[in-house]
Amino acid sequence: MTGIKSTSIVFKDASREVEPFALFCGEDSRFGTHLEVYPRNSGEVYLCGIGGSEYVDADELRAGKYPPGQVHADPARVKAATDSFSTMSRRLGGTPDTVQACMRPCPPDALPYMGRVRGFTNAYMSAGHNCWGILWAPVSGKAMSELILDGEASCVDLRPFDPARFAKKKSGGRGRKRGEESVGEQW
């Protein structure tokens, strides 16, 4: 698993309700953003899609580059998102009420892990959807429930999402393998 360090901001106006509609913006070349705007029933508006995310490889994560509580927002990205959003909203904008950052889980090929966990009985995985968990949730839930209840997923081919696709290859034997599965010519 690798990580993506991303900045997000929150504006709040508790005096009035916020329209309950998410907004997915196109690329804003003025600020280098493609904002995703998520209103909350608390009067908050959460913004991500700020751009400038830092890709953190597995070695850096294992070395503890970003321990819990030590992931901080990029001030340049906060300014870019604030400036972009301020052009869209007369009511909200200006100085964010919350500035934060997080590490998003992402496999090296950017595809989630979904399927059986090899070597264990009745163990399954559905993880690493990056920032697309909201979008992937319905089909992931359906595919995993089919796999668990019926023994295979019929709504989507889970082979590209195999949790073992990055497993170290067993030494010995002939032919090409993906993890421990033979995928090439076998002699």
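**Getting started.** I first noted how elements are named: helices (H or I, at least four residues) and strands (E, at least two) are DSSP runs, numbered from the N terminus. I kept in mind that this is a predicted model, where local features need pLDDT of at least 70, side-chain atom pairs count only at pLDDT 80 or more, and totals for chains, interfaces and linings use all residues. Residues are numbered from 1 along each chain as its sequence is written, and side-chain values use heavy atoms, with hydrogens and water left out.

**The chain as a whole.** I found 3 helices and 10 strands. Read from the N terminus, the order is β-β-β-β-β-α-α-β-β-β-α-β-β. The chain has 187 residues, and 34% of them count as buried; buried means under 20% relative accessible area, exposed over 50%, and partly exposed in between (1.4 Å probe, protein chains only). I then turned to contacts, meaning heavy atoms within 4.5 Å. Among contacts with a separation of 6 or more, 61% are between residues 24 or more positions apart.

Next I looked for open space. A probe the size of a water molecule, rolled over the atoms, shows where empty space is left. The search runs on a 1 Å grid over the protein atoms alone: a pocket is an open set of points where a 1.4 Å probe fits, with protein on both sides within 12 Å along at least five of seven lines, and lining residues have an atom within 4 Å of a point. Grid points are joined across faces, edges and corners, and a volume is the space filled by probe spheres set on the points. The largest pocket has a volume of about 440 Å³. Which residues lie nearest its centre? They are Ser6, Cys48, Gly49, Arg104 and Cys131, out of 21 lining residues. Strand β1 supplies the largest share of the lining, 4 residues. At least two lining residues come from each of β1, β3, β4, β6 (98-106) and α3. I sorted the lining into 10 nonpolar, 9 polar and 2 charged residues. Here Ala, Val, Leu, Ile, Met, Phe, Trp, Tyr, Cys and Pro count as nonpolar, Asp, Glu, Lys and Arg as charged, and the others, Gly among them, as polar.

**The cores.** A nonpolar core is a set of buried Ala, Val, Leu, Ile, Met, Phe, Trp, Tyr and Cys residues joined through side-chain atoms within 4.5 Å. The largest one holds 12 residues, including Ile9, Val18, Leu35, Leu47 and Phe85. Two or more of its residues come from each of β1 (2-12), β4 (44-48) and α2 (75-86), and α2 gives the most, with 3 residues. I also noted a second, separate core of 7 residues, with Met144, Leu147, Ala153 and Leu158 among them.

**Ser84.** This residue is found in helix α2. Is Ser84 buried or exposed? It counts as buried, at 1% relative accessibility. Leaving out residues up to four places away in sequence, Ser84 touches Asp28, Phe31, Thr33 and Leu35.

**Aromatic pairs.** My search of the whole structure turned up 5 aromatic pairs. Rings of Phe, Tyr and Trp (its six-membered ring) pair if their centres lie within 6.5 Å; planes under 30 degrees apart count as stacked, over 60 as edge-to-face and the rest as tilted. Phe24 and Tyr38 are edge-to-face because their planes stand at 85 degrees, with the centres 5.7 Å apart. Phe24 sits in strand β2 (residues 23-24) and Tyr38 in strand β3 (residues 36-39), 14 residues apart. Phe24 is exposed, with a relative accessible area of 54%. Tyr113 and Phe166 are also edge-to-face, at 6.3 Å between centres and 90 degrees between planes. Tyr113 lies in strand β7 (residues 113-116) and Phe166 in the loop between α3 (133-150) and β9 (177-178), so this pair ties together parts 53 residues apart in sequence. Tyr113 is buried at 8%, while Phe166 is partly exposed at 41%.

**His129.** His129 is buried, with a relative accessible area of 14%.
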